[in-house]
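Here is a short briefing to read alongside the model on your screen.

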Amino acid sequence: MSRARGPLCRACLALAAALAALLLLPLPRAPAPAPGPAPAAAPRLRPDDLFIAVKTTRKNHAARVALLLRTWISRARAQTFIFTDGDDPELQRLSGGRLINTNCSAVRTRQALCCKMSVEYDKFIESGRKWFCHVDDDNYVNPAGLLRLLSTFSPIQDVYLGRPSLDHPIEATERVRGGGTATSVKFWFATGGAGFCLSRGLALKMSPWASLGSFMSTAERVRLPDDCTVGYIVEGLLGARLLPSPLFHSHLENLQRLPADAVLQQVTLSYGGPENPHNVVNVAGFSLQQDPTRFESVHCLLYPDTDWCPKPNRHDLTSR
């Protein structure tokens, strides 16, 4: 019996060794899965996704709006709409049919300003575009810079971009219809003089207080002008927040303090006007007599291929 056990054990050991060798062999690889479809990229923001509203008045058509048409609007004609208070067939032609007579009063009152903003809002909602941006007729808009800035946000999110003119929230009294108890509300707002932008997602949420004339009645609740009323709806009623941006500029700030090498990166610029003619951006170009607002100089630095710009060098503009 012991003699039979020897060959049997040797056979078991040989089998075990063979099994061990098989276990050490590499397993066959499964075929690589076929590549699936690439994840969809976010839609790229196009210039026509923007609705830029320029607020003006009939008496400023020749003095201010003509300069905007000659400069930045010439690079953003399809997305720019001019809101005014009087008909002007020549300006209607030059703007490509994008002059909108709001039929609001030409007197600069709180009610007239809110009337124009109400029309701007309704026209934007009708347009179906993704971004609403409001500027005044003394703003230069950098269309490429604006597109870059808005491309970093989603139009379906709550986005309210602009520059506050105060260093603290504004406090207003909400008046209740029927003589109810008035309450106090604090909120930030972006000054219309520097321009501001609203995403479509947020603008649609504003509809109960802004659409079809509701904007004016909302403004009466707090007795504030148009830009403040926008802030009231966004922050005070909807609970969204202003996103302050240093890229928007109004005539209320000291524009000469803006570094010359940063001017072309800004989204909006402005100028002081007759009451403060020296409050302009410090940029090379035409003389102050030729270009008191500096808008033409800025435009030629951004777009040196413009036919009326000097040709030698974008950094060494000579006078015309």
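How many helices and strands are there in the protein? There are ten helices and eleven strands. Please keep in mind that this is a predicted model.

**Overall build**

- The protein has 320 residues, and 47% of them count as buried.
- Among contacts with a separation of 6 or more, 66% are between residues 24 or more positions apart.
- The accessible surface comes to about 17,000 Å², and carbon and sulfur atoms account for 58% of that surface.

**Salt bridges**

- Searching the whole structure turns up 18 salt bridges; a few of them are described here.
- One of them pairs Arg75 with Asp305, with 3.0 Å between the closest N and O atoms. Arg75 sits in the loop between α2 (61-70) and β2 (80-84), while Asp305 belongs to the segment after α10 (295-302), so this pair ties together parts that are 230 residues apart in sequence.
- The two partners can also be described by their accessibility: Arg75 counts as partly exposed because its relative accessibility is 35%, and Asp305 counts as exposed because its value is 55%.
- Arg223 and Glu220 form another salt bridge through their side chains, at 3.7 Å from N to O. Arg223 has 45% relative accessibility and so counts as partly exposed; Glu220, at 32%, is also partly exposed.
- Arg46, Asp49 and Lys130 are joined through a network of salt bridges.

**Cavities**

- Rolling a probe the size of a water molecule over the atoms shows where empty space is left.
- The structure contains three cavities of 30 Å³ or more, and the largest cavity holds about 40 Å³ of space.
- Which residues line the largest cavity? The lining is made up of Tyr140, Val141, Asn142, Val263, Leu264, Gln266, Val267, Thr268, Leu269, Val298 and Leu302.
- Looking at those residues by element, β5 (140-141), β11 (268-269) and α10 are the ones that give two or more residues to this lining.
- Sorted by class, the lining of the largest cavity has eight nonpolar and three polar residues, with no charged residues.

- The largest pocket has a volume of about 590 Å³. It is lined by 33 residues, and those closest to its centre are Lys55, Arg64, Arg108, Asp136 and Asp137.
- Elements giving two or more residues to the lining of the largest pocket are α4 (110-127), β4 (131-136) and α9 (226-237). The largest share, three residues, comes from α4.
- By class, the lining of the largest pocket counts nine nonpolar, twelve polar and twelve charged residues.
- In the lining of the second largest pocket, eight residues are nonpolar, six are polar and one is charged.

**A look at Asp88**

- Where is Asp88 found? Look in the loop between β2 and α3 (89-94).
- Why does Asp88 count as buried? Its relative accessible area is 13%, and buried means under 20%.
- Leaving aside residues up to four places away in sequence, Asp88 touches Arg58, His61 and Leu99.
- Asp88 and Asn101 are 13 residues apart in sequence, and their C-alpha atoms are 8.9 Å apart in space.

Conventions
Residues numbered from 1 in each chain as written. Predicted model: local features only at pLDDT ≥ 70, side-chain atom pairs only at ≥ 80, totals over all residues. Heavy atoms only, no water. Salt bridge = Lys/Arg side-chain N within 4 Å of Asp/Glu carboxyl O. Helix = DSSP H or I, 4+ residues; strand = E, 2+ residues; numbered from the N terminus. Buried < 20%, exposed > 50% of the residue type's maximum accessible area, 1.4 Å probe, protein only. 1 Å grid on protein atoms, 1.4 Å probe; cavity = no way out; pocket = protein on both sides within 12 Å on 5 of 7 lines; lining within 4 Å. Points joined across faces, edges and corners; volume = space filled by probe spheres on them. Nonpolar A, V, L, I, M, F, W, Y, C, P; charged D, E, K, R; others polar. Contact = heavy atoms within 4.5 Å. Areas by Shrake-Rupley, 256 points an atom, 1.4 Å probe, with all protein chains shown as cover.
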